[in-house]
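Here is a short briefing to read alongside your sequence and model. Could you have both open as you go through the points?

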Amino acid sequence: MGERLCIGCDLGTSTIKLSCGDTKFLIPSLIGEPNPGWSGASFDKSLENNLVITEGRDSYYIGELARMQSEVKRALASDGQMKSAEETYIALKAALGLFIDNDGQDVIVATGVPVATSMGVMKNLSKMLKGNLEINVKNDATGKTKRLNVNIEKCLVLPEPYGTYYSTLKEKGEETAVDTVLVDIGHGSTDILTMYQGRPMRTASGSMREATDTLTNRMASALQEKTNQIVKPFDLMTIIRQQKESVLIGGQTYSIKSIREFYAKQIAKVMVDEVMRLITTLPPDAFVEYYIICGGGAYTFGEAIKEAIIEGHLVTSDESVIIPEDPVISNARGFELIAQSQ
Ligand SMILES: Nc1ncnc2c1ncn2[C@@H]1O[C@H](COP(=O)(O)OP(=O)(O)OP(=O)(O)O)[C@@H](O)[C@H]1O
Ligand SMILES: [Mg+2]
């Protein structure tokens, strides 16, 4: 059956990230009802942007297709946790269909879920994915279908930031038993995972509401106040992602540099306060050697958090605060390495 595939996955609340060899995918964490009638109208004919999965009698739009076309759609996760193992299972199956072309393919999957996800949902997801899966996917733009039998030899479900912990320490040539605090800043929530003696420590880990969308919400109100125009936080998301310095509102250009920096600093402080609160529960023999900042929010808050950690004397050397080269894919990449090590 050829070679076994090792797939790393990160089920974020805004984006599902997948990594396998040189291929990576970022797809919106959305599942939606089919909305026929628009089929084939898409300009982009890639499977990843036109993904439909059939489960029994039901079909679902997944990711970008759900975002663009489904009238009724649900986020797979919210408030920092996966909502249901069933819907996550369907979306993940569809995502696996992007990588796999051979019937009977052997696969090992390692996936991350938000830190606040219950043990029950994690176990359930792992159990559902193991064994023989029948994957039925269709490209909505071309009508092309793929019907595959896949053998999932193993499916590991772990807290999201664990992937970055693994990949970063591997890269540094460190053993994965070094006490580390990970701050994973996503779109709608920030996860903090504390590793003590090579194991996640629940009491020193947690999830908080402040994240990238906190910044866009605050910026939107500030801009609204200033311009007397309606400013939607969602529209600022793209601006943040493209790291733009100004916005166009009502035909006028406004600089956002100073308000972005102001709020980013404030929010970063809240995040570091929470980290400080959590690490007080660590046993006295713990020694936090690294603070690693990942997730898409690392682009916006990374430097401010780094500064606050250094100012708060949480580390003795600046090199102890790490931002991975690609903080968005670093979890999925780490999970791929974990799958390979099995
Ligand atoms: N290159 C970039 N520059 C600035 N911001 C970015 C960049 N890439 C992504 N982001 C922002 O990061 C956020 C998404 O981060 P990420 O993909 O880590 O979230 P998530 O994993 O889906 O959410 P969570 O971890 O809360 O489940 C979005 O708000 C996005 O706009
Ligand atoms: Mg994430």
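Which backbone oxygen lies 2.9 Å from a polar atom of the side chain of T180? The backbone oxygen of V178 does; such a polar contact is a pair of N or O atoms within 3.5 Å, where within protein one must be able to donate a hydrogen and the other to accept it, and residues adjacent in sequence count only if both atoms are side-chain atoms.

This is a predicted model, in which local features need pLDDT of at least 70 and side-chain atom pairs count only at pLDDT 80 or more, while totals for chains, interfaces and linings use all residues. Residues are numbered from 1 along each chain as its sequence is written, chains are lettered from A and ligands numbered from 1 in the order in which they are written, and side-chain values use heavy atoms, with hydrogens and water left out.

**The whole chain**
- The protein chain has 9 helices and 20 strands, which are DSSP runs (helices H or I, at least four residues; strands E, at least two) numbered from the N terminus.
- With a radius of gyration of 21 Å, close to the 20 Å that the globule rule gives for 342 residues, the chain is as compact as a globular protein of that length; the radius is taken over C-alpha atoms, and the rule is 2.2 Å times the number of residues to the power 0.38.
- Of the 342 residues, 52% are buried (under 20% relative accessible area; exposed is over 50% and partly exposed in between, with a 1.4 Å probe and protein chains only).
- Among contacts (heavy atoms within 4.5 Å) with a separation of 6 or more, 69% join residues 24 or more positions apart.

**Around T180**
- T180 sits in strand β13, residues 180–185, and counts as buried because its relative accessibility is 1%.
- Beyond its neighbours within four places in sequence, T180 is in contact with Y165, L169, L193, T194, M195, V288, Y290 and I292.

**Helix α6 and what follows**
- In α6 (residues 233–241), L236, M237, I239 and I240 are buried.
- The cover over these buried residues includes α5 (212–227), β17 (246–249), α7 (257–279) and α8 (298–311).
- Just after α6 comes Q243, in the loop between α6 and β17; Q243 is not a glycine, yet has a positive phi of about 50 degrees.
- Q243 counts as partly exposed, because its relative accessibility is 48%.

**Another positive phi**
- H313, in the loop between α8 and β20 (321–322), has a positive phi near 55 degrees.
- H313 counts as exposed at 68% relative accessibility.
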